[in-house]
Amino acid sequence: MNNNAAKAGSGATQAGRPARLSLADWMPKIVMAPTAVAAIVCIYGYMIWTAVLSFTNSRMLPSYNFVGFDQYERLFMNDRWLVALSNLGVFGGLFILICLFLGVMLAIFLDQKIRAEGAIRTIYLYPMAISFIVTGTAWKWLLNPTNGIEKMMIELGFEDFRFNWLSDPDMVVYCLVIAAVWQASGFVMALFLAGLRGVDSEMIKAAQLDGAGIITTYRRIILPSLKPVFFSALVILSHIAIKSFDLVAALTNGGPGYSSDLPANFMYAHAFTRSQIGLGAASAMVMLGCVLAILVPYLYSELRGERHE
Amino acid sequence: MASLTIDNVKKRYGQTEILKGINISIEAGEFLILVGPSGCGKSTLMNSIAGLEDVSEGRILIGDNDVTYASPKDRDIAMVFQSYALYPNMTVAENISFGLEMRKVPKEERDAEVQRVADMLQIGHLLKRKPAQLSGGQRQRVAMGRALARRPKMYLFDEPLSNLDAKLRVEMRTEIKKLHQKLGTTIVYVTHDQIEAMTLADRIAVMKDGEVQQLGTPQEIYDNPTNLFVAGFMGSPAMNFVPAKVVEQNGTYALELQASKPTVVPFPKPDSLKAYAGKEILLGLRPEMITEPQPHKEGAEFVVTADIDVEVTEPMGADTMVLTRISEAEVNCRCNPAYPVKANETVAMMFDTSKAVAFDKDSGQRIDN
Amino acid sequence: MSNVAKRQTSTLDKALRIALYIALLAMAAVYLAPFLVMLLTSLKDVEEIRSGTLLSLPGSLNFDAWSKAWSGACTGSQCEGMAPYFFNSFQIVIPAVAISTLLGALNGYVISHWKFKGSDVFFAALLVGCFIPFQVILLPMARTLGWLGIANTTTGLVMVHVIYGVAFTTLFFRNFYQSIPAELVKAARLDGAGFFTIFYRIILPVSTPIIVVTVIWQFTQIWNDFLFGVAFSGFDTQPVTVALNNLVNTSFGGKEYNVDMAAAIIAALPTLVVYILAGKYFVRGLTAGAVKG
């Protein structure tokens, strides 16, 4: 807007007045400059840098011997990476589905004029305030194959109860799902509850008059109108899943063996502790690709929606 | 189509009484308007008729059925909401047919009904669109279409025009009136706009503080308001209330006003003023009853010409409103624009009190009924 | 007739409502259980842990595990407990939150009320910063910190948190300032106020709610961060999450679950306290970041 003033000034030179370019006109740009520089360098610059590294044979230190797509080839030949990717598929898929299901159900339940709704909501949501490291530590103890839930159930009389997923390479990924769902499902609940509260109450009355029962009203009218919330929740949850790093570090440390690794852990291990910078960079780029594949359609539809209004 | 009887309906939230014993009954096919300022209980009453809120006491009958405790869907009522309340995820056609679907009407019949309604409201070209792609007026039509599709016993309209701009509102008003004339359905319509009430209604219930102040035809309400509130609420500009002293003159009672000079005007029912002889009452006189002197009315029974001091003039095209002060009260007069009136001048005006009414100053109730 | 019908539905209603409450309370128990187990375990001694179960009560209130977790437990090679790292975290969090919030407020102010050519593009570009997986910037950032001579320092960590937090804070403030009418700023400009005067006198006084939301959001994010902490901190500048992970994964001698749990609670305590005191704002931050982002 201030720019308009400057433009008007420069357009008015025939009146003998030079373009007005005082410090005040530059202030907004000056204020934004640090952030802009940081964003350009540290987001986009670094992305490109990592992309460049992914095409080199860098090991302990970055080198700039370009080797084409060798690192990507190595990556997709690497069994550990493939395990990490398939873990991400299983973990992400289950995590998202269960969180959405629980979140929607709890939000609908809580939306029935419940007494002490505030307190219950607070309880559902508190795990979201905690670090994934703490969550991992707690669940590591709860899921402990000998002393955890298994022992409690045996003491309760279920002599044959076995629960050793944490030490079972085939099942350990489900431990990640349990802990992550515990942490994030309350958040999904909060999102949907906010959405439900925003639904036009006259619309619900209209459905009632049209003869729709409570289940039909939710299934046909209310939930479909929350499509944007579903979409947001989906994007956020997949984003959490793809970035998941700390939960694995604390709960399983990738083990047993590397059976519970996720891509983020693979990247960190290769780039920082196993001196495979090139390979680590390539894995980071694949992760970025995954995020963009989810994000771009989302942002596109959001922006299109905004323009529509 | 059915009649509606509201029998001593009360509604309480804890200690506060929102509806204080409402009694209204209308015939099948009548257009009833509930009008009143916000918070008067008109929307609560509407929701109670729809079954969206329970009543604390009293009965509601649709036709001969007591529906006081029936669920909304069993009342066979359709409603048009202020926000239109269209289902955003459904197309216009789906919106219209949803209520039929819920009543398990077969697909072919639903499609035929959608087509019929669409033709009636001229929204055929919109059927495949979503509500977000419609303009305000189009949404309004779809909301009405949704109500029409089920051919219910009664229609409820909850301030359906208040979200439209002025021009569209007038258009839709006419359209609703035409629709009612064509279908002959029973309609209950809530509004706070008294012009809507006057133009649409067969009968108007003017509400205030959870009570019906007056129930009557628009003309009854306009000409014969039962109290100051109704008189002041209906009509625009509002009825003038002029403090006037009851004087005895030639063996009958008349009213003395303080215009430019003290003026005595006759009153159609002088005997009703007897108890107030020598006291002040409020004279209610519509603006159109104070005009420029009209030769053909000269010498008529309840016509008096007197000078007033003009404060402000407001030309409105068809008329010019002249603002003056009579007995300390602000008074609107409606003049022919050709009559030369200027601010701060004194001009002659003709007072026609044949339709004047009188109110008790303290209670606000009509004296001359 | 309809009276009877009404009464029948309300008995059904009542049964449904009871079922609803049971379901809600059962889920509440599920969410609470892990924390309860942590708390109970932290109050037991090693022998009680071995003999009891997760939910068995400790024989007596025993705070030994807490004092060991606070000041004696080994996190890697050092055995000073969580205390130094707890304070490290504060040293990182406080400046990082302050700087990123201030920058976010100024950026949001510019983007919503002093638009210039490219400011919207800049905002969109910044939004992407909220979403990139940080793995993609770890390696270059490590090199950069090395060049700047602030690798493994608190300053370096603060800088990293500010850079990648400012996208979120800008988003929050922008969305909030968007709802302040442009006429307000125009009127102030006609009154002769300049860029900073308007910010300081007009905008900032109405910003309290969004400042609270932003501060809480940033505090929680940075306090709970592990990735940047483990990648960019030195032995003596580790934040509490990194220390906790080291403590739990340190395998000298037998596992002391009571100490682990006490340490975990210590690490979680600041954000939990904030959540309990200002949960409303926390939720608002989450949903604002979510729905708008």
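How much area is buried between chain A and chain C, and what share of it do carbon and sulfur atoms give? The area buried between these two chains is about 7,900 Å², of which carbon and sulfur atoms give 76%; buried area is the accessible area (1.4 Å probe) that two parts lose on being put together, summed over both.

This is a predicted model, in which local features need pLDDT of at least 70 and side-chain atom pairs count only at pLDDT 80 or more, while totals for chains, interfaces and linings use all residues. Residues are numbered from 1 along each chain as its sequence is written, chains are lettered from A and ligands numbered from 1 in the order in which they are written, and side-chain values use heavy atoms, with hydrogens and water left out.

**Interfaces**

At the boundary of chains A and C, 89 residues of chain A are in contact with 89 residues of chain C, contact meaning heavy atoms within 4.5 Å. The count of salt bridges between chain A and chain C is zero, a salt bridge being a side-chain nitrogen of Lys or Arg within 4 Å of a carboxyl oxygen of Asp or Glu.

Chain A is assigned domain 1 (2-54) and domain 2 (76-308), with bounds that come from an automatic or database domain assignment. Their contact takes five residues from domain 1 of chain A and seven residues from domain 2 of chain A. Chain C is assigned domain 1 (3-62) and domain 2 (83-292). Here the contact takes nine residues from domain 1 of chain C and seven residues from domain 2 of chain C, and the C-alpha centres of the two domains lie 35 Å apart.

| Pair | Buried area | Share on carbon and sulfur atoms |
|---|---|---|
| Domain 1 and domain 2 of chain A | about 430 Å² | 88% |
| Domain 1 and domain 2 of chain C | about 680 Å² | 84% |

F35(C), M38(C) and S42(C) supply 56% of the area that domain 1 of chain C buries against domain 2 of chain C, more than any other three residues.

**Nonpolar cores**

The largest nonpolar core has 238 residues, and F95(A), Y124(A) and Y164(C) have the most contacts inside it. Such a core is a set of buried Ala, Val, Leu, Ile, Met, Phe, Trp, Tyr and Cys residues joined through side-chain atoms within 4.5 Å; buried means under 20% relative accessible area, exposed over 50%, and partly exposed in between (1.4 Å probe, protein chains only). Helix 8 (residues 172-197) of chain A contributes the largest share of this core, 18 residues. Helices (H or I, at least four residues) and strands (E, at least two) are DSSP runs, numbered from the N terminus. Leaving aside residues up to four places away in sequence, Y124(A) touches residues of both chains, among them L106(A), M189(A), L24(C) and Y31(C). A second, separate core of 44 residues includes A78(B), L121(B), L126(B) and I204(B).

**Chain B**

According to an unreviewed UniProt entry, the annotation "domain: ABC transporter" covers residues 4-234 of chain B. This span is 37% helix and 26% strand, and its end C-alpha atoms lie 24 Å apart.

T68(B) is found in the loop between strand 5 (65-66) and strand 6 (77-80) of chain B. T68(B) is buried, with a relative accessible area of 5%. Beyond four places in sequence, T68(B) touches V55(B), G58(B), R59(B), I60(B) and R75(B).

How values were computed. UniProt positions renumbered as here; feature names shortened; annotations may be inferred.
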